[in-house]
Amino acid sequence: MGYDNLKLEKGMYRQTGMSFTQVLESLDPSENYRGTALEGTDAFQRQLKRFGIRAKGAGSSPVEKFFSTMDSAVLFPEYIARTVRQGMEENDILPNIVATTTVIDSMDYRTIYSNPEEEDKALRAVEEGGEIPATEISSKDNLIRLTKRGRMLVASYEALRFQKLDLFGVMLRQIGAHIQQLLLADAVKVLVNGDGNDNAAVQYTIGTNPISGTKGTLGYNQLIEFWAQFEPYTMNTMLCSNSTMTAMLKIPELQNPLTGLNFQGTGKLTTPLGAQLHRTCSVADDVIIGIDKRYALELVRAGDVMVEYDKLIDRQLERAAITTISGFGKICDRAVAILNV
């Protein structure tokens, strides 16, 4: 069956364990288009082509193009979900702090952890017949609870029908950016306070052993001493607020030419400690969160971005929810630490 004669219906959004695009792919596999002009497109993109819907660029179609037929109207919720997801990815620093992502189909999740003691991490020779050192992996006592985050799309069809998809897409990407800010705030909360399993991050304060200096004054020595607390992990990521990052970048050791060239050329900040700096309003002023992103955090998702497809297909845009369900769990407690300036 070719892409140009598929029958599209609302029920394609309701198939358990499959997204709308996965349902389309099962009916119109992309592998069938190898060596053709449509190679590199997925099943959804081919449906846009089928109905002459152009989603981007100066010549993009108006919103009402989706509603030319009942079949093409079925594509509208997936278009919204994809564009919102794009906005989330454009503003996403979660990949820089998340070690692994788990997708589940429930609202509760019990993760596992391993926090070996110093004796367990010792490198010892195993004598013949001797006991091999063990690493214990256990399930956590308390569940990781998932939270629904989202935004409400409030607009009438009459207000949107003649708007170009290129402009409408900007609004949807902004919704995605807002949702992603909420998810990042959830992640920061878990990094600092733990996931309900008595695993809050250890906190250090400048001027209190083992961090030298005077409270309220951040210098290179304090950053080095903070970095040293992560052994055997490595502090490779740092989160802080705008004002804290400004103070940090004024430290003479962070004003070397290579740091400046990298920032001017790529917009990315690095430090002599080898950690990536990320600025976010989710972290309080005068607080630096240090992370070994390889071992710190697990992102748990219950599916992907969800939209109220019934309303959207029936042009009932007045109040259509766009949501995602997710939560976070700490993996290794010592892979996260807090420096209070």
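Aspartate 42 pairs with arginine 82 in a salt bridge, with the closest N and O atoms 2.8 Å apart; the term means a side-chain nitrogen of Lys or Arg within 4 Å of a carboxyl oxygen of Asp or Glu. The two residues sit 40 residues apart, aspartate 42 in the loop between helix H1 (20–27) and helix H2 (43–50) and arginine 82 in helix H4. Helices here are DSSP runs (H or I, at least four residues) and strands likewise (E, at least two), numbered from the N terminus.

This is a predicted model, where local features need pLDDT of at least 70 and side-chain atom pairs count only at pLDDT 80 or more, while totals for chains, interfaces and linings use all residues. Residues are numbered from 1 along each chain as its sequence is written, and side-chain values use heavy atoms, leaving out hydrogens and water.

**Exposure of the first pair**
- Aspartate 42 is buried, at a relative accessible area of 19% (buried is under 20%, exposed over 50%, partly exposed in between; 1.4 Å probe, protein chains only).
- Arginine 82 is partly exposed, at 21%.

**Other salt bridges**
- The count comes to twelve salt bridges.
- Glutamate 64 and arginine 161 meet in one of 2.9 Å, N to O.
- Because glutamate 64 lies in the loop between H2 and helix H3 (70–73) and arginine 161 in the loop between helix H6 (157–160) and H7, this pair ties together parts 97 residues apart in sequence.
- Arginine 85 and aspartate 304 also form a salt bridge (3.3 Å, N to O).
- Arginine 85 is partly exposed at 22% relative accessibility, and aspartate 304 is partly exposed at 41%.
- Lys10, Asp310 and Asp314 are linked in a salt-bridge network.
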